[in-house]
Amino acid sequence: MDKQKTQPTNTKATNEFKQNMLKVQDELNEGLKKGQHYAELMQVLTTTTDPEELLSATRQLASFEVDTAAVVFPKKFAASDYYLIFMSRLLELNGLTNQFRSVMTEAGGHPVMHHQWPGTEQTFRFEKNGEHLAYVEQTSHQIIFRLNLEKQTMSFDTETINNLYFLSGSETDSQSALKKQVASFIKFGQLLERDYNFQVDFNMFDARNEKTYVFEGTGLDSSILDELFVSAAQNHYILYNADEFLGAFLRLKSNVMLTIFEMSASDHQWAMRVQDQEEQYSLFDVLKDYAFLNDWYVNNIGDLKLKMIL
């Protein structure tokens, strides 16, 4: 009788144990399936040649939580790293693999991605910055550009451009390397425009003739134009006063013209414009190609600082 009484209890315990084991197995299977999907997305990110697949995989991975209660994967990237890989791949697909090095190190047992630029001491990685992703130089902690993936915008930071490329460049950073670096940043922005319809504020890197480089502040002291007039003359160029507007223009080599003008008399908003037939020269190019213009810009960088649009 005692044996018969205890049998149902044993059967119930056995069933409960089986159910618990099956639940654990289901959780393991789900965790492994999730890990497999993660691996498949990583495969797409690193091998696809389709721009739409590349962006889709990047976005999915950035919000992908691969770990589960039952399965934890020790080797996984941070969300920002996927965008570094995305940037590298997008440039790679367009023939710019030799302009920088993608480097993977380890921190806390996890892989960490960086960009290193040959000829400079600079390294970069993406960081979360509010609603934006910021591409940050790791030594100075300055933001080169910001991406907003929901609004599909990209904007270059005026403060950083001034600091990194005009005011505090390392003596070991070659000007040739810095120009190649900027060219890669510009190309990345152009690809975002072309392939994904991003709105991009290239700041002083925009070489389109219709681009107006608007100053952050209003008004412009006449002494700044006087300084440019003298400096240009010392380098065998003439700064001409404009007849049809308040301002002046400077004709440079290769049929490039730099114009400084008051674009709005009501609020005394001043701006600059660079024009050339082939649309090859941006304001950055002009300032860097002519030492006297670079010096003039640096001497008056507070008054000539550009307004950010996005």
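This is a predicted model: local features need pLDDT of at least 70, side-chain atom pairs count only at pLDDT 80 or more; totals for chains, interfaces and linings use all residues.
Two strands are said to pair if DSSP finds at least two bridges between them.

Strand S2 (residues 110-116) is joined to S3 by 2 bridges, and the two strands run antiparallel. Within S3, the residue that stands opposite Gln116 is Thr123.

S2 and S3 belong to an open sheet of 7 strands, arranged in the order S1-S2-S3-S4-S5-S6-S7, with mixed pairing. Its edges are formed by strand S1 (101-107) and strand S7 (199-201), each of which pairs on one side only. On average, neighbouring strands of this sheet are turned by 30 degrees against each other, direction ignored.

The reader may now move along this sheet from S3 to S4. Strand S3 (residues 123-129) is connected to S4 by 6 bridges in an antiparallel arrangement. One of the facing pairs consists of Lys128 and its bridge partner in S4, Leu133. The two strands form a hairpin with 2 residues between them, and Gly130 in the turn has a positive phi of about 65 degrees. S4 itself is mostly covered, with 5 of its 6 residues buried.

The next step leads from S4 to S5. Strand S4 (residues 132-137) pairs with S5 in the antiparallel sense over 5 bridges. Ala134 has Arg146 of S5 as its bridge partner, and Tyr135 stands opposite Phe145 in S5. These strands also form a hairpin, here with 4 residues between the strands, in which His141 takes a positive phi near 60 degrees.

How many residues of strand S5 are buried? In S5 (residues 142-148), 7 of 7 residues are buried, and the strand is thus described as mostly covered. On the side of S6, S5 is joined to strand S6 (residues 153-156) by 4 bridges, and the two run antiparallel. S5 and S6 form a hairpin with 4 residues between them, and Gln152 in the turn has a positive phi of about 55 degrees. Helix H4 (residues 158-167) lies across S4, S5 and S6, and runs at about 150 degrees to S5.

A second open sheet contains 5 strands in the order S8-S12-S11-S10-S9, with antiparallel pairing. Strand S8 (213-214) and strand S9 (239-241) stand at the edges; each has a single partner strand, so one side of each is left without a neighbour in the sheet. Within this sheet, strand S10 (residues 247-252) and strand S11 (residues 256-264) are joined by 6 bridges and run antiparallel. Leu250 stands opposite Leu258 in S11.

Two helices accompany this sheet. Helix H6 (residues 222-234) lies across S9, S10, S11 and strand S12 (269-275), and runs at about 135 degrees to S9. Helix H8 (residues 291-299) packs on the sheet and touches S10, S11 and S12, its direction making about 150 degrees with that of S10.

The nonpolar interior may be considered next. In soluble globular proteins, nonpolar side chains tend to be buried together. Here the largest nonpolar core has 80 residues, of which Phe145, Tyr165, Met204 and Leu293 touch the most other members. Leaving aside residues up to four places away in sequence, Leu293 touches Leu228, Leu250, Leu252, Leu258, Val286 and Leu287. Among these, Leu250 and Leu258 are the residues that stand opposite each other in S10 and S11.

Helices may also pack against one another. Two packed helices are described by the angle between their axes and the distance between the axes. Helix H2 (residues 51-62) and helix H3 (residues 79-92) pack at an angle of about 170 degrees, with their axes 8 Å apart. Because angles over 145 degrees count as roughly antiparallel, H2 is roughly antiparallel to H3. The contact involves Leu54, Leu55, Thr58, Arg59, Leu61 and Ala62 of H2, together with Ala79, Tyr82, Tyr83, Phe86, Arg89 and Leu90 of H3. By class, the contact of H2 with H3 has 9 nonpolar, 1 polar and 2 charged residues.

Note on methods
Residues are numbered from 1 along each chain as its sequence is written. Side-chain values use heavy atoms; hydrogens and water are left out. Buried means under 20% relative accessible area, exposed over 50%, partly exposed in between (1.4 Å probe, protein chains only). Axes are lines fitted to C-alpha atoms, for helices over the stretch in contact, and angles run from 0 to 180 degrees between N-to-C directions. Angles under 35 degrees count as roughly parallel, over 145 as roughly antiparallel, 65 to 115 as roughly perpendicular and the rest as oblique. Contact means heavy atoms within 4.5 Å. Ala, Val, Leu, Ile, Met, Phe, Trp, Tyr, Cys and Pro count as nonpolar, Asp, Glu, Lys and Arg as charged, and the others, Gly among them, as polar. A nonpolar core is a set of buried Ala, Val, Leu, Ile, Met, Phe, Trp, Tyr and Cys residues joined through side-chain atoms within 4.5 Å.
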